[in-house]
Amino acid sequence: MTILFQGDSVTGCDRLRMNPKSLGKGYPRYVKEAMPNHPNEPAGSPGATGVRVLNRGISGNRAKDLAARWRQDCLDLNPDMVSILIGINDVWRRYDSNDPTSDAAFEASYREILEPLREKQIKILLILPFLLDVSAGVTAMREDLTGKQSVTRRLAEEFGAALLDADALFLDAVRETGNPPAHYAEDGVHPTEAGHRLLAGAVAGALGRLRDKKGINF
């Protein structure tokens with residue numbers, strides 16, 4: 001079984017792009033480490049469960065960038081499960097570069113990504129793009145974020161994908177623990193180690209519910 005993580009810098013998190021096995025320093029790495037014997041080996045290797053984990057997140061990517069590289073960085077890898085976290089750069093570029101992505105354009109690119117996965121009957125986990133309210137400036141970006149989240153929710157339902165509400169995950173953690181938002185993402189976008197570990201736990205649970213009947217445990 002191959003599990004592929006896709007997205008932007010939140011997913012890539014300093015992965016070494018010249019090393020196809022690199023998982024980076026974020027939540028994909030922690031999801032993999034939570035598996036029995038930390039497997040990232042082919043079936044038949046000593047102690048392996050036959051689960052291969054790949055990360056192809058690239059910093060700065062928007063949905064249109066993901067669509068442009070989808071053949072090489074997803075379909076050609078023949079994944080059984082794909083986890084996608086995309087959208088925050090589609091939001092952010094409106095505010096830091098005056099280069100907005102409309103909700104319609106975001107949806108069109110996302111559809112390009114999801115259509116071939118449905119055709120190949122690949123199991124899909126969509127993660128809502130999120131923000132931590134560390135400042136008034138970051139909170140103001142929710143005006144644009146809300147639309148991207150709505151698109152993601154609608155596409156998850158249409159394509160039969162599992163959906164993880166990462167925004168609610170972090171908001172609940174702040175409320176329940178009393179930790180400030182910056183504890184989970186200092187700039188409101190890129191998770192800290194605590195943020196990545198929190199997200200990894202939720203992602204692992206969601207992937208566990210998607211796993212096939214052979215019972216891959218993580």
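Mentor: In this predicted model, Ala, Val, Leu, Ile, Met, Phe, Trp, Tyr, Cys and Pro count as nonpolar, Asp, Glu, Lys and Arg as charged, and the others, Gly among them, as polar.

Trainee: How many nonpolar, polar and charged residues are in the lining of the largest cavity?

Mentor: The search of the whole structure finds one cavity of 30 Å³ or more, and the largest cavity holds about 40 Å³ of space. Its lining consists of Asp8, Val10, Leu85, Ile88, Pro129, Phe130 and Val189. Sorted by class, that lining comes to six nonpolar, no polar and one charged.

Trainee: Ile88 is in that lining and also in helix α5. Which helices do the buried residues of α5 pack against?

Mentor: Helix α5 covers residues 88-96, and its buried residues are Ile88, Asn89, Asp90, Val91 and Arg93. After α5 comes Asn98, with a positive phi near 50°. The helices that the buried residues of α5 pack against are α3 (63-68), α6 (103-119) and α8 (142-158).

Trainee: Which residues are linked with Asp103 and Lys148 in a network of salt bridges?

Mentor: Asp103 and Lys148 themselves meet through their side chains in a salt bridge, at 2.9 Å from N to O. Because Asp103 lies in helix α6 and Lys148 in helix α8, the pair ties together parts that are 45 residues apart in sequence. The network also takes in Arg94, Glu143 and Asp144.

Trainee: Of Asp103 and Lys148, which is buried and which is partly exposed?

Mentor: Buried means under 20% relative accessible area, and partly exposed lies between that and 50%. Asp103 has 32% relative accessibility, so Asp103 is partly exposed. At 0% relative accessibility, the buried one is Lys148.

Trainee: Why can such side chains pair at all, and how many salt bridges does the count come to?

Mentor: Side chains of opposite charge can pair when their charged atoms come close. The cut-off applied here is a Lys or Arg side-chain nitrogen within 4 Å of a carboxyl oxygen of Asp or Glu. By this rule, the number of salt bridges is 18.

Trainee: Which helix holds Arg197 and Glu193?

Mentor: Arg197 and Glu193 meet in a salt bridge of 3.0 Å, N to O. Arg197 is partly exposed with a relative accessible area of 45%, and Glu193 is partly exposed at 48%. The two are four residues apart, about one helical turn, in helix α10.

Trainee: How many Å apart in space are Asp80 and Cys13?

Mentor: In sequence, Asp80 and Cys13 are 67 residues apart. In space, taken from C-alpha to C-alpha, the distance between Asp80 and Cys13 is 23 Å.

How values were computed:
Residues numbered from 1 in each chain as written. Predicted model: local features only at pLDDT ≥ 70, side-chain atom pairs only at ≥ 80, totals over all residues. Heavy atoms only, no water. Buried < 20%, exposed > 50% of the residue type's maximum accessible area, 1.4 Å probe, protein only. Contact = heavy atoms within 4.5 Å. 1 Å grid on protein atoms, 1.4 Å probe; cavity = no way out; pocket = protein on both sides within 12 Å on 5 of 7 lines; lining within 4 Å. Points joined across faces, edges and corners; volume = space filled by probe spheres on them.
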